[in-house]
Amino acid sequence: LRSSPMSAQEPPRPPPAAAEPPEPETGGRYEAVVPHWFYCKVTDTRERWVPFSAQDSERLEEAHAAGKEQDDVVVPTSGGRYDVHLRARQRVAVYWQEEVSEVRRCTWFYKGDKDNKYIPYSESFSEELEEAYMIAVTLDEWKKKLESPNREVVILHNPKLMVHYHPVASSDDWVSTPTEQGRPRTVKRGVENIAVEIPNGEPLQIDHLVFVVHGIGPACDIRFRSIVQCVNDFRNVSLSMLQAHFKKAQEQQQVGRVEFLPVNWHSSLHSTGVDVDLERITLPSINRLRHFINDTILDVFFYNSSTYCQTIVDTVASEMNRLHRLFLQRNPQFKGGVSIAGHSLGSLILFDLLTNQKADPEEDEHHAQGSRTTSGTGNVEEVKEILKKLELSEYCEVFDKEKMDRQALFLCTEKNLKEMGIPLGPRVKILHYISSKTEMKVCSLHGSCSSHHILSHSIPLTQGPFVLLQANYPQLNYKPTIFFAFGSPIGMFLTVRGVKRIDPNYSLPTCKGFFNIFHPFDPVAYRIEPMIIPDLEFEPMLLPHHKGRKRMHLELKEGLTRMSVDLKNNLLGSLRVAWQSFTRAPVPALEAASTEAEAEAEAGTEKQQPDTKPEEPPTAVKEETPLINVGRLNGGNRIDYVLQEKPIESFNEYLFALQGHLCYWESEDTVLLVLKEIYQTQGITLDQPLPGSQ
C-alpha cells in the first residue's frame, strides 16, 4: 500500500473510526526508537514487567551502547540496592536474598490478555520488528507480516495500527491461518506510547542509614508481605515526604535521601531445624491455624528461650553489622549517621541489644563527670560519707588514692578491696553495705531477686542495666543515632520481667535518641513514659498529621467533649443556685428571697466561670511538652508518640486493631516524624513546623 504524491503533501489526518486503517506516514521519516529497560517481577507465579527509573535506564543504555556487556559489567540500580549484570541480563539484590529477575532492553510491546498491561517482546524479535518498521517507513510499504518462532503473527498495517495475532488452537495442517484462528492484540512501539508509569529516580546523595528489624513471623503487614516489600513502601513514602516537607533544603542541595534497609532474622531462626521438631509434635487438627501459630506467634516464646534468644540476637546483630560493612563498601563517600528501627518484637530485640552495648571510656568519664556535677557534694565526697557512716574514715585516703567514686565503689568486688589493702573486717562491712543497698533497689524494681541485673537508682551506671535474658549480647560496629520503635511491646515485657521503674537518669549507652511510636488501637503497643514517671498521669504526644493539622473528626470529637463539659458545668451551676435559693429562702419573705437568690445566682455564675475556664488549659497543657521531663532516655525529650486514627477506624476499635498494628509501613505521619528527627540531628528542619510537634 503506497501513498500518492498528493497525499504526501497533506498533513497527517487522525485515524477514522471505521475499520479502515488510517493514513500511513510518508517515506523517509524514520527515527530510531528510544529503548527503555524493564525487569520481570514474579509474584505468585504471575509475571509483571516493571520499568526502571529514567536515570537507571539511561545508565543501562549507556553501558549497553559502550559495548561493556562483553565484559560482564555490573550497573547499580534502584538506589544501589540492586545490581544489573548486563551480559546475563539479570537483576540481583545486593543486601538481601531474593530471586534473580530477568532484565530486558525493551522497544516493542503488546497488550496482554488478562490485565491489559503491555508486555515487552524479546530483544531479538523486537529487533526484527524494528527492522521491518524501518523498511516500511522508509519505502512507505506497509501491510508487513512477521511470524515469530511460535507462529505468532504481527502485521504492521501502518505506523499507528499494528496488530499481534496469537493462535488460540494448536496449529495443524488443515487449520487455515493463524490470523483467522487468533484474537488480535494491540502492538505499540516505544515506551512513550504505552500506559506505564516510569518511576522517579532516587537522589544519589544518602544522608542517613536506617536498619529496620521486623517482628514475629515472615509476613509484616495485613497483605502478608515480606519485610523487604514493607520497607520498600516505607522508603517510597519517605521520598514523597522529603519532596513535600523538605523542598527548600532539597533546592539548596542540603538534603538527599534516607536509605532504609531491612534486617531479616526469622528465616535464620527457622532454618535451625526447629520447624521439623515442631512438626512432629503438632496436632493434625485445624492444620492451617496451627502452622500459622508455629510460624508467627511462637517467635515470642523462642525469644524468651535462652537457646533461641541467643540465635535471634546473634542473627540481628551480625546481620546489621554485615549490612553496615557492605553499605560502606558500596558507598565510600557516605559520612552520615546510622539509626535503627524495630517493629513489634523487633523493637524489643533492638532494645535489649542497645541496653547491653558498651560505651566508650570517654563517654563513661563524661557521664561520671556529669553525675558528679549534678550530685550535691560529688561522688568522691559521697564515698567519704559512706566510709564515715561505716566508721571507716581512716581508709578515705586509700580510696582517694585509687580515685574511687560512688559508682566504682558499688562495682567493687572482694578481690578489688583486698588488692587495695583493706583488711578483712572493713571489707566485710563495705561489701555488706553494697549488697544491702543494691538488693534493696533491685528487688523494689525487679519484683524478685535473681541473677538478672537492672539499673539501681543509687548507682548511676551508664551501661548494662537491663541484662534480663540469659544471652551474650553482641556489640554493634556503630553507634546508632536514634532508635525508633513501632507498635512496641517493650513496656509490657519489662513489666513482666519484673521491672517496675526505669531510672530517669538512665540513657542507652551508645544511642541518645529513643522514640516509641504507636497507633491508638494497636493491641501489641505499650507506653514507656509511665515507667519513668509513675506518679504523674499525662497523655502521649499526639503525632501531627503530615498535612499540618489534626484530623477533622478528632477536632470535632474534642469540640463536642469540650462543649459537653461546659454544658455540664453550667447545668450543675444552675441546679446548685436553684437548690440554694430553695433551701435558704424564708417562706414569708418571698420577694426578699428572690432578690437574694438572684444575687447568689450572679455570685454563683461569677464563681462558676473561673471554675469552668481553667478546665480547658489541662487539655492544652497535656500537649505542651516542655513542661514534662521524662528523663534522659530520649535526651530529655518526649518518648511516647501516638498516631491519629483515621475517621473510619474510630467507628470500631476492635475491627481495626490488627490493622493498627500493621499500619506503620505506609503511615506518612510515622515516616515524617522519623525524617524530622533524623534531619534535626543535622540542623535541617521542615519547611514549615507542624502544629503540636516538639
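Ile517 counts as buried, because its relative accessibility is 0%, where buried means under 20% relative accessible area, exposed over 50% and partly exposed in between, with a 1.4 Å probe and protein chains only. The model is predicted, so local features need pLDDT of at least 70 and side-chain atom pairs count only at pLDDT 80 or more, while totals for chains, interfaces and linings use all residues. Residues are numbered from 1 along each chain as its sequence is written, and side-chain values use heavy atoms, with hydrogens and water left out.

**Ile517 and Thr670**

Ile517 lies in strand S17; helices (H or I, at least four residues) and strands (E, at least two) are DSSP runs, numbered from the N terminus. Not counting residues up to four places away in sequence, Ile517 touches Phe484, Ala485, Phe486, Gly487, Leu543, Tyr641, Tyr664, Thr670 and Leu673, a contact being heavy atoms within 4.5 Å.

Thr670 is part of helix H25, residues 668–680. Thr670 also counts as buried, because its relative accessibility is 0%. With residues up to four places away in sequence left out, the contacts of Thr670 are Phe234, Phe486, Ile517, Leu543, Leu643 and Tyr664.

**The seven-stranded sheet**

Seven strands form an open sheet with parallel pairing, in the order S14-S13-S15-S16-S17-S19-S18; two strands pair if DSSP finds at least two bridges between them. Its edge strands, each pairing on one side only, are S14 (257–263) and S18 (541–542). Strand S13 (residues 206–213) runs parallel to S14 and is joined to S14 by seven bridges. Val210 has Phe260 in S14 as its bridge partner.

Helix H5 (residues 227–245) packs on the sheet and touches S13, S14 and strand S16 (482–486); the direction of H5 makes about 170° with that of S14. Axes are lines fitted to C-alpha atoms, for helices over the stretch in contact, and angles run from 0 to 180 degrees between N-to-C directions. Helix H12 (residues 345–355) packs on the sheet as well, touching S13, strand S15 (337–343), S16 and strand S17 (513–518), and its direction makes about 135° with that of S15. H12 is mostly covered, with 11 of its 11 residues buried; among them are Leu345, Phe351 and Asp352.

**Antiparallel pairs**

Strand S1 (residues 36–43) and strand S6 (residues 101–106) run antiparallel and are joined by four bridges. In S6, Arg104 is the bridge partner of Phe38. S6 also pairs with strand S5 (residues 90–93) in the antiparallel sense, over two bridges, and Gln90 has Glu102 in S6 as its bridge partner.

**Salt bridges**

A salt bridge is a side-chain nitrogen of Lys or Arg within 4 Å of a carboxyl oxygen of Asp or Glu. By this rule the count is 22 salt bridges. Three of them are listed below.

| Pair | N to O distance |
|---|---|
| Arg89 and Glu123 | 2.8 Å |
| Arg427 and Glu414 | 3.9 Å |
| Arg527 and Asp640 | 2.9 Å |

Arg427 lies in helix H18 (residues 424–446) and Glu414 in helix H17 (residues 414–419), so this pair ties together parts 13 residues apart in sequence. Arg427 is buried at 9% relative accessibility, whereas Glu414 is partly exposed at 42%. Arg527 is partly exposed, with a relative accessible area of 22%, and Asp640 is buried, with 0%. A network of salt bridges links Arg81, Glu202, Arg235, Arg257 and Glu259.
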